[in-house]
Structure formats: C-alpha cells, structure tokens
Amino acid sequence: MEGLQLPIYTKIVKQKYEVQVYDEYVISGNTAVLRCQVPSYVTDYIMVTSWVQDGIINIYPNTDTGGKYTVLGNGDLYIYNAGPSDGYKSYACRTVHKLSGDVHPSSYPGRIIITEPKGNVQPRITVEKHSRRQVRVGDDITLPCVAQGYPVPTYRWFREEKDQLSPVSVGDRISLVSEGLLRISKVHLDDRGKYLCWVNNSAGEETVQVTLTVTDLIISS
C-alpha cells in the first residue's frame, strides 16, 4: 500500500468499530437530518454507501428520490417535509471500509420523531453554523444549511464578494437542492470563498456560514 507502512495498514484494517444512527427530533414540515455516527479513529477510512429504509428500501447518494431524500457526500441523510407517516419508518446506514472493503451496517436503525409546534418557533440551525469545505477543481459539492422552525423557514444563499454579500446566482452549475442545500457542479477555482445561508420565518432569523476552499489538480511530469 503506497504511502502507508504495512504494520500501520494492518492495524487500521483490523480495528473494530461500530456504526450508530441516533433518533432525531424534527418539527412537522421541516427537514430532518440523520447521521451515520462512526468512531473518530476510523472516520478517514469509512465511507457511507447507502441508507436502508425499513430494512428493504435502499437510498443511495446522488440518486433521484422524487424530492423526498438526499444523501450528501459525507453520508448525512436529509428527509424533506417530515410528517407523521415518516415517524413510523426506520433508517439504517451502510458503510464500507476503504482499505479492507468490509461492509458494516449500523448496529440499530434510527427514527425521526415528529413534534407539533405550539405557537411560532424561531429557526434553530441543525448543522454547523461556521464550517469549512474543501473540494477539487471539477468535482461537485453540496453546501449544507438546515434549520427547524415554525412556520417552516425559508432559505436564501449569498456569497461574500469584496466585503459585500451578493445573492448566489442559480444557473447550469449552481442549483438549490430542495430546502437549504446549495449544490455546485464541476467546481471552478473562482467558486472559492465565503457563502452565507440566511434562514428566516415570522419568528426570527439565523445564518450559516460556509468557507469553500478549492484545490487545483496537480499534474506531475
């Protein structure tokens, strides 16, 4: 294994680990996010390959699910417009070890627990409020922005340019994936910079900031 000494490689491959999915509370009508929890000591070597609903329905990354689900590159499962019927479903994640090829499903499935609001609820961010993402030129990336609130919040993306915020222009390469997610396809070097997601409803507002770093392809002679 190039760049990795054999004893270290063997130790990494033989490390035992468990995958967990925890229940998630969500206000009816909002987006729920389920995460595949992997121990930190193997995170770099684990990839989420799919989610399994009720033990029979596979949900894969980058597939059309009729607008109900999205699986991000980091394995997070987004469930849109969560309602009472979604509370009866279970979701397990399936992972693969990049070095050994071993497949590990989560020990137990997780569920989303639907709550009904009692009055207006100010948006509460359920992803990192300040995060950094890195992507290579030509690859695709999705920037996350999710909140809970009532009425269901609206989302708007802005980009910081010369110390000013300008609305992100949606076009052939840049699109909004349902609520809150900004997808940039075939990333260019000039896509790098700070992006801000503004979330609001009649009860208040919140923001999420993502700093995007773009690395150029290095071609060795």
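Are Y69 and Y91 buried or exposed? Y69 is buried, and Y91 is buried as well. Here, buried means under 20% relative accessible area, exposed means over 50%, and partly exposed lies in between, with a 1.4 Å probe and protein chains only.

## About the model

This is a predicted model, where local features need pLDDT of at least 70, side-chain atom pairs count only at pLDDT 80 or more, and totals for chains, interfaces and linings use all residues. Residues are numbered from 1 along each chain as its sequence is written, and side-chain values use heavy atoms, leaving out hydrogens and water.

## The protein as a whole

Let's start with the overall picture. The protein has 19 strands and one helix; these are DSSP runs numbered from the N terminus, with helices (H or I) of at least four residues and strands (E) of at least two. Of its 221 residues, 38% count as buried.

The protein exposes about 12,800 Å², and 49% of that is supplied by carbon and sulfur atoms (accessible areas come from the Shrake-Rupley method with a 1.4 Å probe; for residues, only the protein chains shown count as cover). Among contacts with a separation of 6 or more, 65% are between residues 24 or more positions apart, a contact being heavy atoms within 4.5 Å.

Strand β6 (residues 77-79) and β5 pair in the antiparallel sense over three bridges. T70 stands opposite Y78 in β6.

## An aromatic pair

Now back to the two tyrosines. The structure holds one aromatic pair. The ring centres of Y69 and Y91 are 6.1 Å apart and the planes are at 65 degrees, so the pair is edge-to-face. Rings of Phe, Tyr and Trp (its six-membered ring) pair if their centres lie within 6.5 Å; planes under 30 degrees apart count as stacked, over 60 as edge-to-face and the rest as tilted. Because Y69 lies in strand β5 and Y91 in strand β7 (residues 91-97), the pair ties together parts that are 22 residues apart in sequence.

## The largest nonpolar core

The largest nonpolar core has 28 residues, of which Y78, L143, W157, I184, Y195 and L212 touch the most other members. Such a core is a set of buried Ala, Val, Leu, Ile, Met, Phe, Trp, Tyr and Cys residues joined through side-chain atoms within 4.5 Å. The largest share of this core, four residues, comes from β19.

Key:
Two strands pair if DSSP finds at least two bridges between them.
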